[in-house]
Amino acid sequence: MSNMKRLALAALLATVSFAPGAAFAGGKAIAGIVFQQDQYFRGIQIGMEKAAEAAGDELLAGNSDSKLEKEAQLIDTYIARGVNSIVVAPLSADASVPALKKARDAGITVVTYGTSANGDVAQATVTSSDRDIGIGTGNAATDFLKTLGNGGKVKIGTLAFKALLPEQSNARVDGFLSVVKDQVDIVAQQDAWLAEKALAVASDMLTANPDIRVIYAANEGGTIGAVQAVKKAGLEGKVFVFGTDGSEQLANMLLNSDNVLQATTAQQPLEVGKQAIEAAQNLLDGKKIETKVNVPVLPLTRADTQAVAAYKEGLKALK
């Protein structure tokens, strides 16, 4: 190993965090990797921590920051530390495979969650179907779109994240469009997954296409930015947003009297994180498990404020 690689590895080791009470006597060492810091991944981490603590295992937490190079470095770090298992949301179904294969070759159990890796490199996968996420919001949109069409198709724009995670982004957008395709005419498709960027992109989209009545956003940041763009343009009651993901901010937007955000489809991150760690633990114990676990998604709509309020209350566990 070159000096530069040794320095990089040492620096990365310094960024690896440990759950409180780590180094449990007789417990397993399990690495849990996220790829960004938001409420969803905070929920994932809490679910992981709870499952590890319940079994007396050690959880090493790392964040790849949506960078394939850092993801590979983290995996190398955990291989060097001799962990028993790596639980990870891969950044790419293909490009993440070499690093994960290296872990498997080192005798480390690999479990993926949220996103998946091609081939048989993962011994178990815990996900919520991205297509179902899009379909959930699409189902909520169908009746609403009938009120806007005046017998014709509704002009819509979409905000996605193809440049970040193309497989996941496409599955969500395609899921949404599979439900509403006969009711809509897509006049703009852009990438914008962070709220600030989505605000700018959606604002430009509305300016260039004044006949847009609906924006569909495929993630939390895109949804927030789209709502902000509609309000900034003074188009409340004229343009409506259908979104993705769940957070306190999105719940508040559904409960807000401005009538902009109509529906979103949330995941259950606590359950995903918990089941991913439990899959790793069971594999290490030699138990037979379901290798593909689907955690159901949760559609939330403006029409059911009671369910939105209950979801918002449940988010207190993530704080």
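Analyst: Buried means under 20% relative accessible area, exposed means over 50%, and partly exposed lies in between, with a 1.4 Å probe and protein chains only. The model is a predicted one, in which local features need pLDDT of at least 70, side-chain atom pairs count only at pLDDT 80 or more, and totals for chains, interfaces and linings use all residues. Residues are numbered from 1 along each chain as its sequence is written, and side-chain values use heavy atoms, leaving out hydrogens and water.

User: Why is Asp245 called buried?

Analyst: Asp245 has 12% relative accessibility, so it counts as buried. Asp245 is placed in the loop between β10 (240–242) and α9 (248–255), where helices (H or I, at least four residues) and strands (E, at least two) are DSSP runs numbered from the N terminus. Although Asp245 is not a glycine, its phi is positive, at about 85 degrees.

User: What makes Asn259 partly exposed?

Analyst: The relative accessibility of Asn259 is 29%, and therefore Asn259 counts as partly exposed. The loop between α9 and β11 (261–266) holds Asn259. Asn259 also has a positive phi, near 65 degrees, in a residue other than glycine.

User: Why is the protein called as compact as a globular protein of its length?

Analyst: The radius of gyration is taken over C-alpha atoms, and the globule rule is 2.2 Å times the number of residues to the power 0.38. The protein has eleven helices and 13 strands. Its radius of gyration is 21 Å, close to the 20 Å that the rule gives for 319 residues, so the protein is as compact as a globular protein of that length. Its C-alpha atoms fill a box of roughly 65 × 40 × 30 Å along the principal axes, and 50% of the 319 residues count as buried.

User: What makes a set of residues a nonpolar core, and which residues have the most contacts inside the largest one?

Analyst: Such a core is a set of buried Ala, Val, Leu, Ile, Met, Phe, Trp, Tyr and Cys residues joined through side-chain atoms within 4.5 Å. The largest has 43 residues, and those with the most contacts inside it are Phe41, Ile44, Val87, Tyr113, Phe176 and Phe242. Helix α2 (residues 39–55) supplies the largest share of this core, six residues. Another core, of 29 residues, lies apart from it and includes Leu159, Ala188, Ala229 and Val241.

User: Which residues does Phe242 touch?

Analyst: Contact means heavy atoms within 4.5 Å. Not counting residues up to four places away in sequence, Phe242 touches residues including Phe144, Phe176, Tyr216 and Leu261.
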